[in-house]
Amino acid sequence: MNKLVTSSAGSGDVDVLVQSLIDGVQLDATTFHVGQYCGRWTASTAGRALGGFHLVLHGGCWLHVAGQQPLRLEARDGVFMLRDVPHRLGPDAIPDAVPGSAMAPLGDPAPGATGLACGFFRFHGALASLVVGSLPDYLVLRAGDPALAAVASLFDLVQAEHPPTPDTPSPLIARLAELMFFYVVRHAARRADIASGLLALARLPGFAPLVERMVHAPGEDWSTAAMARTAHMSRSSFYKHFSEASGQAPAQFLLALRTRIAAQRLHGGESVERVAEQVGYGSYAAFSRAFKKVIGEQPGAFRRRAHAAHARNAPEPAGAVRELDERAKNRDARAQPSAGSRLQ
């Protein structure tokens, strides 16, 4: 067998799998500022090691991303930065390095002003970095895209909110931005041109059953030969197609998958020994080596941090999951071209 064998699973089954993977992504959004700019101005969420979003409430502006052509954004367009890449928004196609004016309260739109709601995303979940890593650095929401028509009602709700000052936190706007994010990511995941990663694998009917089994049973004996049998392919053909689709060798992908699932379960309070067995390691030593290779610390230390963070009511163990996700994002950025996905 020298070519990819299509599974009996139909495109509907593939869509269900992709949807379940997206559902496994958890995120917390916070607003950075909500208001309007007049005259010369610049805005950015870069440099915080977080994802970010910019929603254009009225007027228009230009998005400048390092290494990319300027992109025009109109009212009710939005951009979702999935990785912390250098970028900024401004009123002109040519970026202005001169510091601009301060943001004014939203209120009634001023003549020539641009209204913005900007904030940050923090991703959680065992597969979050694998799912997000399958997508480009940023996704653009277009107001006129019929596939995203439902987002219009979310914009109505955002525009109905008028924080008293641009820096006043708006939990409601943050939650609405989260909903928009999932609409846009689901739309992007349905496209056939996802470059690489977990979603690219899941979109291939021949690999969809394999991905589903690996996600739900990471502790099985997933040698390359076993993966190839599940995909109904020869070992050499499977290795070639898998590496091309995922951007990683099967063993590297399995290590990343098992480690993220293990980190999530340790964070949930399960014992190191039980988690090691659940994700396919017969000894603590082997599991500890694999876990430290990816995260940079022993699983026991990670679990203690998670427990301490939970006791302080913190949303995650200090640094460990963030470090894991950031490493994955950096690796994915090196493995594929940095480019925006224009959803139009």
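Two exercises with worked solutions follow, on a predicted model of a protein.

Residues are numbered from 1 along each chain as its sequence is written. In this predicted model, local features need pLDDT of at least 70 and side-chain atom pairs count only at pLDDT 80 or more, while totals for chains, interfaces and linings use all residues, and side-chain values use heavy atoms, with hydrogens and water left out.

**Exercise 1.** Work out which residues touch the most other members of the largest nonpolar core.

*Solution.* Begin with the term: a nonpolar core is a set of buried Ala, Val, Leu, Ile, Met, Phe, Trp, Tyr and Cys residues joined through side-chain atoms within 4.5 Å, where buried means under 20% relative accessible area with a 1.4 Å probe, protein chains only. Next, the largest core has 82 residues, and those touching the most other members are L21, F80, F123, L127, M180, F238 and F287. The largest share of this core, 10 residues, is supplied by helix 4 (residues 171–189), a helix being a DSSP run of H or I with at least four residues, numbered from the N terminus. Finally, a second, separate core of 18 residues includes A43, L63, V79 and Y138.

**Exercise 2.** Determine whether H64 is buried or exposed, and find what its side chain reaches.

*Solution.* First, locate H64 in strand 3 (residues 60–65), a strand being a DSSP run of E with at least two residues. Then take its relative accessible area, which is 11%, so H64 is buried. Lastly, the H64 side chain reaches the backbone oxygen of D92 at 2.9 Å.

Key
Buried < 20%, exposed > 50% of the residue type's maximum accessible area, 1.4 Å probe, protein only. Polar contact = N/O pair within 3.5 Å; in protein donor to acceptor, adjacent residues only side chain to side chain.
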